[in-house]
Amino acid sequence: MTPGASPVAVPQTPRRNFVRRYFARFDDGEVVRWAFRGLLIGAIVVLGMDLRDLAETNGWSAPEAELAAEPILPPAVETDAPTPSADPREFVTADEAKLRQLMAFTLGAGGVLTAEGSIEPGSAARFAAEIAERGEYVKTVSLNSPGGALDDAMAMAKTVRERGIATVVADGALCASSCPLFFAGGETRSAGEKAAIGVHQFYAATLSETAPEQAMADAQATTARISRHLTEMGVDPALWLHALDTPPRALYYLSPDELAGYKLVTKASSVASK
């Protein structure tokens with residue numbers, strides 16, 4: 001530089017934008033693919049949230065605190081059907097405290113084994129042991145139960161059918177939720193005019209989190225098993241449509257005509273009161 005001359009500005013190469021430099025590493029096709037993946041993941045998240053809300057709304061799962069407060073005698077569901085569900089709760093004379101307890105078996109006169117209380121996991125094994133011990137004396141199983149575990153109810157039905165035992169729901173007794181699946185096992189099945197027999201949606205009595213898509217798959221598989229069970233027992237599986245339409249905190253009480261029409265009851269009965 002000549003002494004006294006003004007300094008000459010040296011041109012500077014502009015710095016490239018950081019974001020542009022980062023994306024320049026990828027070709028246009030790769031950028032589009034990643035954008036599509038982001039949209040797909042977002043859609044799956046939204047769908048999962050919707051399925052979870054649907055599962056909770058329809059009673060496929062419920063918190064333990066809510067299940068503990070479930071009434072033993074739920075009200076009749078309100079329906080727009082031409083023949084709405086009746087509400088026979090006024091006729092039920094069962095002791096609610098006994099119904100909340102684990103199902104107990106008592107052999108009475110005439111070979112009538114009373115099965116009273118809630119159906120819990122393990123009830124089927126205890127029932128099978130009872131039948132194995134007293135089976136030759138048992139002619140009829142008289143049910144009085146708010147229901148409970150589906151698998152145990154169906155297992156007890158199969159034990160009853162294998163033994164050729166009849167089932168009955170007497171006047172004043174309750175057979176609700178999963179109990180009709182047990183009742184269906186009878187070689188012959190009868191119910192008193194003032195018996196309360198009802199169904200509603202099943203649900204998972206657990207606090208564990210279940211992925212929405214798994215909850216949906218489990219619900220469909222369980223519905224298929226119930227339908228197959230009813231068919232094998234000689235009952236019209238269309239009966240269970242009333243359960244699918246009825247929230248867990250209500251019951252669809254089956255009328256005498258429906259009990260006969262769905263073949264849940266096989267003969268007229270003049271069953272004595274509880």
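Started with Gln201, which I found in the loop between strand 8 (196–199) and strand 9 (204–205); strands here are DSSP E runs of at least two residues, helices are H or I runs of at least four, both numbered from the N terminus. Gln201 has 9% relative accessibility, so I log it as buried (under 20% relative accessible area, 1.4 Å probe, protein chains only). A polar atom of the Gln201 side chain sits 2.9 Å from the backbone oxygen of Leu244.

Caveats for myself: this is a predicted model, where local features need pLDDT of at least 70, side-chain atom pairs count only at pLDDT 80 or more, and totals for chains, interfaces and linings use all residues. Numbering runs from 1 along each chain as its sequence is written, and side-chain values use heavy atoms, with hydrogens and water left out.

Next, Gly111, in the loop between strand 2 (104–107) and strand 3 (112–116). Gly111 also counts as buried, because its relative accessibility is 10%. Setting aside neighbours within four places in sequence, I see Gly111 touching Tyr137, Val138, Lys139 and Thr140 (contact is heavy atoms within 4.5 Å). Its C-alpha is 9.3 Å from that of Gly135, 24 residues apart along the chain.

Last, the helix pair. The axes of helix 5 (residues 123–134) and helix 6 (residues 150–163) come within 8 Å and cross at roughly 20°, so I note the two as roughly parallel (angles under 35 degrees). On the helix 5 side, the residues in contact include Phe127 and Ile131; on the helix 6 side, Met156 and Val160 are among them.

Conventions. Axes are lines fitted to C-alpha atoms, for helices over the stretch in contact, and angles run from 0 to 180 degrees between N-to-C directions. Angles under 35 degrees count as roughly parallel, over 145 as roughly antiparallel, 65 to 115 as roughly perpendicular and the rest as oblique. Buried means under 20% relative accessible area, exposed over 50%, partly exposed in between (1.4 Å probe, protein chains only). A polar contact is a pair of N or O atoms within 3.5 Å; within protein, one must be able to donate a hydrogen and the other to accept it, and residues adjacent in sequence count only if both atoms are side-chain atoms.
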